[in-house]
Structures are given as C-alpha cells and as structure tokens.
Amino acid sequence: MSPGGPGYRRMSFALFLAGVATFALLYSTQALLPLISGDFGVAASDASWTVAAATGGLALFVLPMSALSERFGRRTVMTASLAVAVTVGLLVPFAPSLGVLVVLRALQGAALAGLPASATAYLAEEVSPRALVTAIGLFVAGNSVGGMSGRVITGWVAQEWGWRVAVGVIGALAVACAVAFRLLLPAPRNFKAGSLRPRVLARTVRDHLSNPLLCRLYAIGALFMTVFGGVYTVIGYRLTEAPFSLPQGIIGSVFLVYLVGTVSASTAGRLVGRLGRRGALYAGGGTTAAGLLLSLAGSLPLVLLGLVLITAGFFAGHAVASSAVSKTATTGRAQASALYQSAYYIGSSAGSTVGAIAFHAGGWAGTVGVGLLAVLGVVTITVFGTRAARMQRRLATAA
C-alpha cells in the first residue's frame, strides 16, 4: 500500500486508533498519581509503580507476543491484545488496594504487548518502503493522541468524580477504539507464517542482537523513553506544589502539549529526508535537552514551553529510531521491532521509577538531571554510530 492507494487510508486510521487505545490505557494512571497517592496514602515513588508495572509488563511480553504474530498473523494478535487489555481496563477502577492496582496494570501492559511490534511489522510488510517512515509516524502520532487524550480526560473527570471514574472512562474509550480498529484494518496480503519453535526464535533474536546498528537503535529508544517517562510521571506532583498549586483538571490539560508530539512524529520522514537519520536524532536529542533545561524555570509559561520541546524532541527521535529498526531488519521484523519496544518500555519503567526517586531526593532538578544524562547517552551513541559509518565507508573506498 502507498498514500492514495486502495486501503491505505483505512489502514492508517485503524492503526492510528490502535495507537490511541494503547497509550490511553498504558498511561491512564500517570496524570492521576497525586490522587492515587492521596487515596492509598503512599509516596510518589510507590504510586509511580502503577505506570512502571504497565510498561514493564509490556516490555517483558512484547517478544513472546511478536513470536505469536509471526505464527498467527499481525492482525489476529493485535485484535486479541486489544480485547484483553480493554477487558482488564474495565476492572482497574475497582482495585481495592495499591497492590491489586499494580497487578492489574501489569496484566494490562502484558496484554498490550501484542500491539507495538505487530503494528510496525504489519506496516513493514504491507506499506511501500518510501511510505514506511510516514506510516509509522502516523502510528506513533496515534500514540501521542492516546497519551494526550487519556491524561486530559482523566484530569478533568478525576477533578469532579475521582480517579476511579476517570480510568473507567478511558477503558470505555479504548473499547470503542478497539472495535473500530478491527472493522477498519485491511487483511494482510504479504504476511507469511513463521515458526514458533524456540530454537528458531532464539536464533533470530541472537542475530538481531549481534547487529551493532540495531543495538544502537534499541539503546536510543530506551534512553529517549527514560526522559519522557520520568518527566511525565513527576510533572503532576511538581504542578500541584508551590509556586504553581494547580488543580487536577488544569494539570490534566497540560498534556495537550502531546499534540506537538503528534506533529513531530508524523513529520519525522521529512526530517530524515533533510538531515538524514543521524541528523534527525541529533535534532531530537538537542530539542529534548533544551526543553529539560527550560523546564527548570519558576515561570509556568516557561515550564510549559519546556514540555513542548521535550515532547517534540522525544516523539521525533522515537519515530526515527523505530522506523530505522524496521528498515534495517530484513528478516524477523516482528522480533526486531519487539526488541526495540522491549528496550523502549524498559526505558519508560526506569524513567518512571528513577525520575520519581530523583524528584523525592532533589526535587524537579533531580528529575531533569536524570533526563539530561539520558539525552547525553543518545548523543554519545549517535556520535559513535556516525564514526562507525565513516570508518566503513573509508574501508569500502580503500578496498
């Protein structure tokens, strides 16, 4: 499929809705952490496990789910994953304790593991190579819309009726997205069933992990998500404190800056066309770092501008890295994407937990410090990749 061709628009909208449902469910408690802390009488670092458990469950199960998609098909696995995740989502509002809530969130994350890797593999098989970065960018844009709408809706609903009703509303929204996704997504035409044999899977994973470029892309995805997870897990706590002291509804509305991520992710293909992949990664990392530094200001407009830059840089970097994985892997694309998603969500879990601990120890500056270290890691890895590519070109010219 290609833009303007038959099925492309339906496919794009279906996967956009899948991205909305995935991120709305996955981060449904993130904007509500101050309320969850108050309800259960726990600290920020404890409440942050409702986010870390979901992303951690996804990270652990994304590889096995990708193997199932190789055998049973991308559309089948994505449909089943959404069905289980929305079912668990309807149970989350009734969690009687923080421990039960964390377990349900872990199950929800494990169920959602069938979406990201299967979606990118589906796109790599069904979309023309020239349109791949744009198509994946639209899927990532759906992620940003889901993350934004989930947080904004929960913020305002929770202000009136509490966090339990808020996550229930997100569950209902995800049900609608899941049904529309299944009705719209075209049947795959280029899928070829693979093997479920553990030895074959292990060999495929080993081959991907022995590819230096793929490993660099996995690390970059994890580091970008460490920044993003830490910032958006903690920002609610910062904005409830002096000098801002914002109500929950307004804090939820802060996540409207996700719209910036929607734009930056969907235009990642153009950025790569102008700057190249590594240039786009430098731009994403630099924009993220500038946003982190700006967010240290005591002025709310400057803090919001910092969040805009962090969001734009993160989503651009994520779209570039994830599409590069799909292009680099010529076989076992689902496993290659799964390894990226696993690293990515491990970064999210680490960022949520470490960012909350750093905030408890050193305030917002501590969280920013963690983010800047992660961005430094992105830049360092990209510089190493640039030098390695130059060395390969020199060797090829000499030969």
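Colleague: Where is Leu90 found?

Modeller: Leu90 is found in helix α5. Keep in mind that this is a predicted model.

Colleague: Is Leu90 buried or partly exposed?

Modeller: Partly exposed, at 40% relative accessibility. Leu90 also belongs to a nonpolar patch on the surface, along with Val175, Val179 and Leu183. Together these residues have about 350 Å² of accessible area.

Colleague: Which helix gives the most to that nonpolar patch?

Modeller: That is α9, with 3 residues.

Colleague: Let's talk confidence. What does the chain average in pLDDT?

Modeller: The average is 86. Of the residues, 96% score at least 70.

Colleague: Where is confidence lowest, and where is it highest?

Modeller: The lowest is helix α13, residues 258-266, with a mean of 75. The highest is helix α6, residues 98-112, at 95.

Colleague: New topic. How many salt bridges does the structure hold?

Modeller: It holds 2 salt bridges. One of them joins the side chains of Asp39 and Arg164, at 3.7 Å from N to O.

Colleague: Which parts does that pair tie together?

Modeller: Asp39 lies in helix α2, residues 33-40, and Arg164 lies in helix α9, residues 163-184, so the pair ties together parts that are 125 residues apart in sequence.

Colleague: Are Asp39 and Arg164 buried or partly exposed?

Modeller: Asp39 is partly exposed, with a relative accessible area of 41%. Arg164 is partly exposed too, at 28%.

Colleague: Which residue forms a salt bridge with Glu125?

Modeller: Arg74 does. The closest N and O atoms of that pair are 2.3 Å apart. Arg74 is in helix α5, residues 74-91, and Glu125 is in helix α7, residues 116-126. The pair links distant parts of the chain, 51 residues apart.

Colleague: Buried or exposed, for Arg74 and Glu125?

Modeller: Arg74 counts as buried, at 1% relative accessibility. Glu125 is buried as well, with a relative accessible area of 18%. The cut-off for buried is under 20%.

Colleague: On to the inside. Which residues touch the most other members of the largest nonpolar core?

Modeller: Leu15, Leu123 and Tyr232. That core has 121 residues. Helix α11, residues 212-240, gives the most to the core, with 15 residues.

Colleague: What does Tyr232 touch?

Modeller: Setting aside residues up to four places away in sequence, Tyr232 touches Gln30, Phe255, Val257, Tyr258, Leu307 and Thr311.

Colleague: And how far is Gly351 from Tyr232 in space?

Modeller: They are 9.3 Å apart, C-alpha to C-alpha. In sequence they are 119 residues apart. Gly351 sits in helix α16, residues 333-362. Gly351 counts as buried, at 1% relative accessibility.

Colleague: Which residues does Gly351 touch?

Modeller: Thr226, Gly229, Gly230 and Ala356, not counting residues up to four places away in sequence.

Colleague: What about Tyr218, where is that found?

Modeller: Tyr218 is in helix α11. Tyr218 is buried, with a relative accessible area of 6%. Tyr218 and Tyr340 are 122 residues apart in sequence, and their C-alpha atoms are 4.9 Å apart in space.

Colleague: What else does Tyr218 touch, besides Tyr340?

Modeller: Beyond residues up to four places away in sequence, the contacts of Tyr218 include His208, Leu209, Val325, Ala336, Leu339 and Ala343.

Colleague: Now Phe23. Which helix is that in?

Modeller: Phe23 is in helix α1, residues 8-26. At 1% relative accessibility, Phe23 counts as buried. Leaving out neighbours within four places in sequence, Phe23 is in contact with Asn143, Gly146, Gly147, Tyr344 and Tyr345.

Colleague: Last one, the backbone. Is the peptide bond from Ala242 to Pro243 cis or trans?

Modeller: It is cis, with omega near 10°. Pro243 lies in the loop between α11 and α12.

Colleague: Which phi does Ser245 have?

Modeller: Ser245 has a positive phi of about 50°, although it is not a glycine. Ser245 is found in the loop between α11 and α12. Ser245 is partly exposed, with a relative accessible area of 47%.

Technical notes:
Residues are numbered from 1 along each chain as its sequence is written. This is a predicted model: local features need pLDDT of at least 70, side-chain atom pairs count only at pLDDT 80 or more; totals for chains, interfaces and linings use all residues. Side-chain values use heavy atoms; hydrogens and water are left out. A salt bridge is a side-chain nitrogen of Lys or Arg within 4 Å of a carboxyl oxygen of Asp or Glu. Helices (H or I, at least four residues) and strands (E, at least two) are DSSP runs, numbered from the N terminus. Buried means under 20% relative accessible area, exposed over 50%, partly exposed in between (1.4 Å probe, protein chains only). A nonpolar core is a set of buried Ala, Val, Leu, Ile, Met, Phe, Trp, Tyr and Cys residues joined through side-chain atoms within 4.5 Å. Contact means heavy atoms within 4.5 Å. Patches are made of residues with over 30% relative accessible area and no salt bridge: like charges are joined within 9 Å, nonpolar side chains (Val, Leu, Ile, Met, Phe, Trp, Tyr) within 5 Å. Accessible areas come from the Shrake-Rupley method with a 1.4 Å probe; for residues, only the protein chains shown count as cover. pLDDT is the predictor's confidence in each residue, from 0 to 100.
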